[in-house]
Amino acid sequence: MTDRVPELDHAARPTLALVYHPASFSVFQLMEAASGVCSVAWVVDDTVDDSAAAARVLGRFGTVIDVSGMDSAQAATAVSLVAPNGIISFKDKRLRFTSELAAHLGLPFHSPKVARRLTDKFAQRLALRDGGVAVPGFQTVPREQDPVAWEGFVEQAGFPAVLKPRLDNEASRDTVRVASLEELRAQTARTNGTELVLEEYLGDRSGGVRGCFADYVSVESVVSDGQISHIAVTGRFPPAEPFRESGFFIEAELTESDRRAALETATAALRAIGIETGCCHTEIKFTPQGARVIEVNGRIGGGVPEMLSDITGLQLLRDAMRVALGEEIHYGQPVRPERVGFLFYVHAPRWMRQVSAVEGLEQLCEDPRVTEGILNRGPGQPVDWREGNHGHVFSLRGTVADHDELELIDERVHSEVRISGE
């Protein structure tokens, strides 16, 4: 499937500086991926992500470099003491900092300019549009204290639209649909000065997918030394209100023309942003006007490594580390697996603020097609739709023979598991 190099001798393993965030992949997943490939130096910043507790665990698996309170130049000096051969991060909100470290250390990673485009929704859409890629209409939302800017903004605003934070936003956190200027002003007033972007709402096309699947996908890619390789096209289930991801599956159920359009659109998007190295996750919507880019993420998509491992044996986290260390890894064609891997994120209703009970999950996990079920929010724990995907109540992972069988699993998930609360 890929051009791989032999396993490295233990004594010759390079060092990978990993800018850690506790809400990315688990320590155990990362150490399994690094096994036989590299030693890991964990770069942590307790002022950013409350990683003090995690740092105590990380110390069992490699050197911990605490850069709390340091600017990127000071942090680079601290990291340089372990003489890293590569650098990586798997969290959106750490990409810009990691890019600055990489620039100071002379290591391959997203450049600071590219990292900005990957974490600033307005800058990203400008780059895509300037690169000739079809994107939704977009504009920044002015502050209430600027009536002149608001007047010009109102003249251009169209509804319905999607309102989302501009910087470092992920997992659909605080993303809402607004149907009028009045709704927009009300939502803006609740954000406490957060910079916002208003985007054109992309409507659904008629036909194209079965009812339980959504009409958008993501393309999973690896860029090695400027060469783009697409690994897979991931299908989606319809989001929970307002825009919370409810699940994924590999491979997406698409016509050949839609599959080709998704891959071509992803290639154009990565080139427009200027990606030269690393893993990317590009979300694409099929609209009546054709494929449109929703967003490009400069890291591995959540759940993707697990699904790929389940159905192909491909170890994406390991390959991401190898690319970060300077190895050239290129794929041929995207995977066409014999089975379908799935991952559900099941959410509480938008109105719910606390979970009282989750019934039926244990029985569902007894299905031999289910690999793993994880309760994320149990009885007595709070839930808030504003958390986006991270606030799901439970997840369910597994494999099925085909998309027909996946539809049956989807029916079971939503009919047999009951979430109650207040």
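**Strand pairing and helix packing**

Mentor: In this predicted model, strand S10 (residues 227-236) and strand S11 (residues 247-250) form an antiparallel pair over three bridges.

Trainee: Which residue in S11 is the bridge partner of Gly235?

Mentor: S10 covers residues 227-236, and S11 covers residues 247-250. The bridge partner that Gly235 has in S11 is Phe249.

Trainee: Which strands are the edge strands of the open sheet?

Mentor: Eight strands make up the open sheet, with antiparallel pairing, in the order S13-S12-S9-S10-S11-S14-S17-S16. An edge strand here pairs on one side only, and this holds for strand S13 (290-297) and strand S16 (370-375).

Trainee: What angle does the direction of helix H11 make with that of S11?

Mentor: From one strand to the next, the twist of the sheet averages 25°. Helix H11 (residues 304-312) packs on this sheet and touches strand S9 (216-224), S10, S11, strand S14 (340-346), S16 and strand S17 (394-400). The direction of H11 makes with that of S11 an angle of about 35°.

Trainee: Are H5 and H6 roughly parallel or roughly antiparallel to each other?

Mentor: Two packed helices are described by the distance between their axes and the angle between them. The axes of helix H5 (residues 95-105) and helix H6 (residues 112-119) come within 9 Å and cross at roughly 175°. Angles over 145 degrees count as roughly antiparallel. H5 and H6 are therefore roughly antiparallel.

Trainee: How many charged residues does the contact of H5 with H6 have?

Mentor: On the H5 side, Leu95, Arg96, Ser99 and Ala103 meet Pro112, Ala115, Arg116, Leu118 and Thr119 in H6. By class, five residues are nonpolar and two are polar, and the number of charged residues is two.

Definitions and conventions
Residues are numbered from 1 along each chain as its sequence is written. This is a predicted model: local features need pLDDT of at least 70, side-chain atom pairs count only at pLDDT 80 or more; totals for chains, interfaces and linings use all residues. Side-chain values use heavy atoms; hydrogens and water are left out. Axes are lines fitted to C-alpha atoms, for helices over the stretch in contact, and angles run from 0 to 180 degrees between N-to-C directions. Helices (H or I, at least four residues) and strands (E, at least two) are DSSP runs, numbered from the N terminus. Angles under 35 degrees count as roughly parallel, over 145 as roughly antiparallel, 65 to 115 as roughly perpendicular and the rest as oblique. Contact means heavy atoms within 4.5 Å. Ala, Val, Leu, Ile, Met, Phe, Trp, Tyr, Cys and Pro count as nonpolar, Asp, Glu, Lys and Arg as charged, and the others, Gly among them, as polar. Two strands pair if DSSP finds at least two bridges between them.
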